[in-house]
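Hi everyone, and thanks for coming. Please have the sequence and the structure open while I talk, and stop me whenever you like.

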Amino acid sequence: MIQYGRQDIQQEDIDAVVDVLRSDFLTDGPKVPQFEQSIIDYCHSNYAVAVNSATSALHIACLALDLTNTGLVWTSPISFVASANCAIYCGAAVNFVDIDAETYNISPQRLREKLENASANNEQLPDIVITVHLSGQVCEMEEIKSLSRQYGFAIIEDASHALGSIYKDSQIGSCKYSDITIFSFHPVKIMTTAEGGIATTNRSELATAMKLLRSHGVTRDAELMSEPSHGPWYYQQVMLGYNYRMSDISAALGISQLKRLSSFVTKRNSIAERYNNELKELPLRLPHQIEDSYSASHIYIIRLELGNLKSTHQEVFERLREKGIGVNLHYIPIHLQPYYQKLGFSLGDYPEAEKYYSEAITIPLHPQLTDNQIDIIIEELKNCLV
Ligand SMILES: *Cc1c(COP(=O)(O)O)cnc(C)c1O
């Protein structure tokens with residue numbers, strides 16, 4: 001089976017990990033701050049806080065922005081469940097804003113309408129909007145940022161797909177249009193630390209809060225303590241935190257991977273380019289790229305023009321799998337998950353997201369795909385789109 005995504009591990013990655021295994025610190029050592037600094041340099045943010053997953057990063061990002069059990073988060077229904085679950089972890093409520101028919105990202109128009117309606121009806125406005133850069137295609141952050149000023153919500157960018165993406169001359173992760181940006185380093189993502197994630201921000205108080213939250217709310221920094229130190233052994237718990245730390249093993253892998261990030265992104269884009277050229281005559285809708293932006297091309301999503309096909313969505317999907325093409329579907333709309341249906345969401349709530357779900361298929365895209373594999377994928381797609 002040709003996998004839809006996979007890691008690229010070379011000898012230098014293995015050496016970096018082995019060096020840590022032979023060193024004094026497997027965790028809480030020098031590699032984590034070093035990795036954070038490399039991400040700061042790459043993204044041009046002021047701060048970075050490395051953690052054990054993007055899910056943890058989303059959780060502590062919400063907490064650092066003071067999300068509580070009376071709070072409200074809005075996000076896109078077309079994302080991994082973690083983009084919404086982070087609000088529930090904080091006891092807050094979640095609501096969704098339908099996607100744009102072309103970008104598959106949160107629609108700034110729908111967002112504006114939903115804010116205007118909520119405001120006119122004296123309903124609760126969101127405390128945080130989580131924008132998801134699906135497939136690496138960036139959201140229209142300028143519009144969303146201007147709405148945030150008008151309606152007073154914070155913005156978290158879920159950039160799990162978008163390390164290496166660029167929006168209007170700024171690197172995603174620079175937080176030019178958001179309070180916090182989070183990335184995932186799961187093996188299928190643009191680069192990996194096995195499990196791992198990171199949050200970037202330009203605001204020191206958010207970075208300080210997230211650093212406390214990732215490690216039990218405990219500090220050894222006298223400036224953060226509420227009473228004088230008892231002695232050199234002293235540490236103080238100043239808030240309720242978690243153990244979301246990244247290990248030095250993961251951080252060393254991250255430092256090593258980051259050195260090849262631009263080559264990963266270039267390779268991904270050259271494969272996407274081939275798909276764009278060679279699939280354009282087929283009854284498919286191919287990814288649309290918004291102006292003034294560059295996508296890291298984490299995944300390549302095709303949408304079937306079902307009106308021009310005899311086969312159903314599921315038949316095409318199954319046929320590709322039978323032929324050894326590891327297709328996938330990103331994502332099942334979050335509001336249709338049983339857990340969210342129990343919270344009151346139902347079929348029909350977000351029509352664009354549901355239409356997308358009935359047509360979308362993710363075809364393989366990762367730096368290790370060979371030309372021969374790409375030929376096979378294109379050939380099999382042509383064969384099964386009848
Ligand atoms: C992968 C992913 C996550 C979760 O990342 P983990 O590092 O596995 O916790 C969250 N949001 C999106 C959009 C993702 O793709």
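Let me start with a word we'll need a lot: a residue is buried if its relative accessible area is under 20%, exposed if over 50%, and partly exposed in between, using a 1.4 Å probe and the protein chains only. Helices (DSSP runs of H or I, at least four residues) and strands (runs of E, at least two) are numbered from the N terminus.

A quick note on where this comes from: it is a predicted model, where local features need pLDDT of at least 70, side-chain atom pairs count only at pLDDT 80 or more, and totals for chains, interfaces and linings use all residues. Residues are numbered from 1 along each chain as its sequence is written, and side-chain values use heavy atoms, with hydrogens and water left out.

Now find helix α3. The buried residues there are A54, S56, A57, L58, H59, I60, A61, C62 and A64. That is nine of the eleven residues of α3, so the helix is largely enclosed by the rest of the structure. At its start, a side-chain oxygen of S53 comes within 3.3 Å of the backbone nitrogen of T55. That is a polar contact: a pair of N or O atoms within 3.5 Å, where, within protein, one must be able to donate a hydrogen and the other to accept it, and residues adjacent in sequence count only if both atoms are side-chain atoms. Just after α3, D66 has a positive phi of about 65 degrees.

Next stop, S165, in the loop between β5 (154-158) and β6 (166-167). Is S165 buried or exposed? S165 counts as buried, because its relative accessibility is 0%. A polar atom of the S165 side chain lies 2.7 Å from the backbone oxygen of G136, and one lies 2.9 Å from the backbone nitrogen of A296. Beyond its neighbours within four places in sequence, S165 has contacts (heavy atoms within 4.5 Å) with several residues, including V138, Q171 and Y294.

For contrast, look at V18 in helix α1 (residues 11-21). V18 is partly exposed, with a relative accessible area of 28%. The C-alpha atoms of V18 and I249 are 8.3 Å apart, though 231 residues separate them along the chain.

Finally, let's zoom out. The protein has 13 helices and 15 strands, and buried residues make up 56% of its 386 residues. Among contacts between residues at least 6 apart in sequence, 72% join residues at least 24 apart. Thanks, and over to you!
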